[in-house]
Amino acid sequence: MEIHPSVWTKLVASILGVEDLHHFAYYDHVVAASIAFIICVIIALRTKTKISMVPSHFQQVVELVMEGILGMLNENMGARGRRYIPIVGTLAFFIFVGNLLGLIPTFSSSTSNFNTTVACAVIVFIYYNFEGVRENGFGYLKHFLGPILFIAPLMIVIEIISHLARPFSLSVRLFFNISGEHIVAGIIYGMLPVLVPIPLMALGLFAAVLQTFIFVILTTLYLTSATEHEH
């Protein structure tokens with residue numbers, strides 16, 4: 001399948017002096033992810049340097065998002081949820097910005113590429129297991145044994161398969177939903193470029209928010225399960 005580079009990829013290729021644009025198009029998701037990362041850094045720096053007791057509209061939006069993330073963490077994890085704001089907040093902003101970039105004609109979304117969604121899912125998988133061990137020590141292994149010692153050998157196999165399926169599920173869900181939405185949007189843009197894009201972009205915005213929320217809430221649930229103490 002032929003890959004068409006986005007306008008940003010063409011710009012980066014011209015800056016780097018890359019002549020084989022067709023081959024460079026395969027790195028389109030890397031360019032899109034880099035742009036999303038830069039936007040997230042700008043948002044963070046602007047919020048930090050322009051913070052005020054009388055918040056601007058920009059600050060209010062950022063604070064609203066962070067309060068929502070903190071509320072979700074507190075609801076699932078209690079007071080210890082605040083510790084995980086950096087990882088959960090970073091994923092939320094990166095995925096959301098990545099989703100939004102694909103709504104702009106001639107742009108591409110990093111989250112519509114399987115490599116990006118797998119990378120995010122693997123980070124979540126490694127992090128929540130690391131936090132589980134850090135919080136519970138070797139007691140974390142009890143999560144894999146089940147409630148009855150007699151069926152522990154069976155539960156270990158089931159739990160290992162279940163945990164290994166989590167990054168696959170996270171990455172596939174995000175990838176198919178975002179890439180599918182962008183493919184449909186691209187087809188309709190080409191057929192009806194004037195009237196349809198406005199409601200279509202509204203639907204795309206809803207999908208961007210929804211898929212970000214699903215990824216973040218699942219990450220929170222995985223962290224909650226891994227770090228809870230056995231009673």
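Start by selecting His163, which sits in helix α7 (residues 152-191) of this predicted model. Is His163 buried or exposed? With a relative accessibility of 9%, His163 counts as buried, because the cut-off for that class is under 20%. Now show its neighbours: leaving aside residues up to four places away in sequence, His163 touches Phe125, Tyr128, Asn129, Tyr140 and Phe144.

Next, colour helix α5 (residues 85-101) and helix α6 (residues 114-136). Their axes come within 12 Å and cross at roughly 170°. Angles over 145 degrees count as roughly antiparallel, and α5 and α6 therefore run roughly antiparallel to each other. To see what makes the contact, display the side chains of Ile87, Leu91 and Phe94 on α5, then Thr116, Cys120, Ile123, Val124 and Tyr127 on α6.

Now turn to helix α3 (residues 28-49) and pick out Val41. Val41 has a relative accessibility of 31%, so it counts as partly exposed.

Finally, zoom out to the whole chain. Of the 231 residues, 40% count as buried. The accessible surface comes to about 13,700 Å², and 75% of that belongs to carbon and sulfur atoms. If you draw the contacts between residues at least 6 apart in sequence, 66% of them join residues at least 24 apart.

Note on methods
Residues are numbered from 1 along each chain as its sequence is written. This is a predicted model: local features need pLDDT of at least 70, side-chain atom pairs count only at pLDDT 80 or more; totals for chains, interfaces and linings use all residues. Side-chain values use heavy atoms; hydrogens and water are left out. Helices (H or I, at least four residues) and strands (E, at least two) are DSSP runs, numbered from the N terminus. Buried means under 20% relative accessible area, exposed over 50%, partly exposed in between (1.4 Å probe, protein chains only). Axes are lines fitted to C-alpha atoms, for helices over the stretch in contact, and angles run from 0 to 180 degrees between N-to-C directions. Angles under 35 degrees count as roughly parallel, over 145 as roughly antiparallel, 65 to 115 as roughly perpendicular and the rest as oblique. Contact means heavy atoms within 4.5 Å. Accessible areas come from the Shrake-Rupley method with a 1.4 Å probe; for residues, only the protein chains shown count as cover.
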